[in-house]
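User: I would like to learn how to read some local features in a model. Please take them one at a time.

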Number of protein chains: 2
Amino acid sequence: MLMAIKVVQFGLGPIGLACVKAVCMKSSLELVGAIDIDPKKVDKDVGELLEDRPKVGVTVSSNAEKILKETRPDVVLHTTRSFVPQVFPQLELIVKHKAHVVSSTEELLFPRLKHPELAQRLDQLAQENGVTILGTGVNPGFVMDTLPLVMSSVCTEVRSIRVERFVDASTRRLPLQKKVGAGLDPEEFRRLVGEGKLGHVGMKESVALIAHALQWSLDTIEETIEPVIAEEAHKTPYLEVPEGKVAGIKDVGRGIRNGEEVITLDLRMYVGAKDPHDAIFIDGTPPIRLTITGGVMGDIATAAMLVNSIPRVLEASPGLKTMADLPIPRQLSN
Amino acid sequence: MLMAIKVVQFGLGPIGLACVKAVCMKSSLELVGAIDIDPKKVDKDVGELLEDRPKVGVTVSSNAEKILKETRPDVVLHTTRSFVPQVFPQLELIVKHKAHVVSSTEELLFPRLKHPELAQRLDQLAQENGVTILGTGVNPGFVMDTLPLVMSSVCTEVRSIRVERFVDASTRRLPLQKKVGAGLDPEEFRRLVGEGKLGHVGMKESVALIAHALQWSLDTIEETIEPVIAEEAHKTPYLEVPEGKVAGIKDVGRGIRNGEEVITLDLRMYVGAKDPHDAIFIDGTPPIRLTITGGVMGDIATAAMLVNSIPRVLEASPGLKTMADLPIPRQLSN
């Protein structure tokens, strides 16, 4: 019998709670701590925050340092914020306690892109403490970056890569429906985009990871964020979208190489999307045309990828890694 | 400017020649030698064996030892035979010359399955000589093993995996059409299957690799090989298949776990297949339903995977590796 891998869950939002649930399913993992700052969650058994309210035996604490010190986890599943500067102090704390990190922080997919200095410091901290840091998830982390890279492996030549991810936001939770701007006036949508308050975080990082792993030197990475306007009224369990209002978002990342658009990541998340799917088109030799019917479900798949990445991260050499550095991801047996 | 990686091509059949072509496209690779025993190929410039007959400047030799000694390659692309015992002396020779190996030998995808002792010796030889050995390709190597594993990474639970690869053999080369039994009497087909002369080599290895990487302990791995009977007459550029004769093969591998069929790899290669495709179905949480329209083209994709794997193999720790041990495959830039 192998010793179970000790896991602390840092952040108990929807993804974090999905991680807790997945960790509890795995015989090789043991949840030893749970961290969140929300006073409504602190001091509860983490099981009380799950839908079926199992008794987990781990009490939520807002004191990250205390939990890390007392539980000495092998790895921390980190699901708090989207941007590297926001999470840097948390990651530093974890790493100094000599725990590996698997994080859903979107910018951590390829942190060198926007935060080269912080990325270098994280890499150094990780190496000094003999641990590995990985940013992953389903998007960013899989559908629009890792999977197209994997598909490119059967091509002798790749001229361009196009990925579509069309999500019907009406099947997703309220925060996501709000995140995509469902129900807004188009003007308000554009104002919020201008203020950086709407849009998929991680888009440029996905483009950058593909280019990096293919050794493509890009001129620029561009991103455009536009509203998808409702052509008819829609009602979700959470909100209504009248005709002419915003149904959701169209967020497109583009990688330009020698003046040509060689990477196109087209993400549309809106209420009422008719044919939800993920698709990868490689203009290459041979050409590739892949479709995932219905698309890979976001929240649970992100939790799955985080949890399933634990063995890869534990086996890796110390440092800040990307999905392109680690062995192929796969499900961790229950 | 980095030094180019020195490559020897060992075996100049259709896959080997496709490798030569791909190697010549890559600025980071340099073809330094070519080995084949066919007297019709020996002493020719390897370029003369390619369709567009470029001058490559590498003369084919049947003396593997001499070529390895003189050219001191970093890596050998090995595309000779299907079975581990057949290729063991070749692999031993390569490894003793301290070159890494990327091989299309089907059984080498997961050599432990049928040849645990030879696999152990290969692993030891590779470690002693500080090099890495990898068996890969498109099937086995990607569509029916590596790709379903990669897709399982977004699942918290995987109950079963089904892969389809339906190939229209009429679009493929003559040896493949013969390999699938096209044009035979059904009785003759069954006789040849009984003699082990028909069937896709590597099927059980694909099942075994999936199970190994998912940490599934299987009761048994089964394989059934049946003829696909032509319902109407077909004519290919190479041969004719009258109605009622064999159009091709249906080769199914099954992994049984706790009495249940949890892995099903359904390969059909026949003249006149109407909807050629690769597909992966995961009965899991979330479920996955992936289709590659037209399927991944065999020969060129296999050569691509071999060549694209070179950097992964050079970076790996010494030993006998599988696709599940190495970082995600991806195209090597031209």
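User: How many bridges join strand 1 and strand 2 of chain B, and in which sense do they pair?

Analyst: Strands pair if DSSP finds at least two bridges between them. In this predicted model, strand 1 (5-10) and strand 2 (29-35) of chain B are joined by six bridges, in the parallel sense. Within this pair, I5(B) is opposite L29(B) of strand 2. Strands (E, at least two residues) and helices (H or I, at least four) are DSSP runs, numbered from the N terminus.

User: What rules apply to the numbering and to the values?

Analyst: Residues count from 1 along each chain as its sequence is written, and chains are lettered from A and ligands numbered from 1 in the order in which they are written. The model being predicted, local features need pLDDT of at least 70 and side-chain atom pairs pLDDT 80 or more, while totals for chains, interfaces and linings use all residues; side-chain values use heavy atoms, without hydrogens and water.

User: In which order do the strands of the open sheet in chain B run?

Analyst: The order is 3-2-1-4-5-6-15, seven strands with parallel pairing. Strand 3 and strand 15 (319-321) of chain B are the edge strands, each pairing on one side only.

User: What does helix 3 of chain B lie across?

Analyst: Helix 3 of chain B lies across strand 1, strand 4, strand 5 (100-103) and strand 6 (132-135) of chain B. Its direction is at about 165 degrees to strand 4 of chain B. For such angles, axes are lines fitted to C-alpha atoms, for helices over the stretch in contact, and the scale runs from 0 to 180 degrees between N-to-C directions. Contact means heavy atoms within 4.5 Å.

User: Which residues of helix 2 of chain B are buried, and why are they on the same side?

Analyst: An α-helix has 3.6 residues a turn, so residues three or four places apart point the same way. In helix 2 (residues 64-71) of chain B, the buried residues are A64(B), I67(B), L68(B) and T71(B). They are on the same side of helix 2 of chain B because they cover an arc of only 95 degrees around the axis. The arc is taken from the directions from the helix axis to the C-beta atoms. Buried means under 20% relative accessible area, exposed over 50%, and partly exposed in between, with a 1.4 Å probe and protein chains only. On the other side of helix 2 of chain B, K69(B) and E70(B) are exposed. The cover over the buried residues of helix 2 of chain B includes strand 3 (60-61), strand 4 (75-78) and helix 3 (84-96) of chain B.

User: What is found at the start of helix 2 of chain B, and what follows this helix?

Analyst: At the start, a side-chain oxygen of N63(B) comes within 3.3 Å of the backbone nitrogen of E65(B). After helix 2 of chain B comes R72(B), with a positive phi near 45 degrees.

User: Where does D43(B) lie, and is it buried or exposed?

Analyst: D43(B) lies in the loop between strand 2 and strand 3 of chain B. D43(B) is exposed, at a relative accessible area of 64%. Its phi is positive, about 75 degrees, although D43(B) is not a glycine.

How values were computed: Polar contact = N/O pair within 3.5 Å; in protein donor to acceptor, adjacent residues only side chain to side chain.
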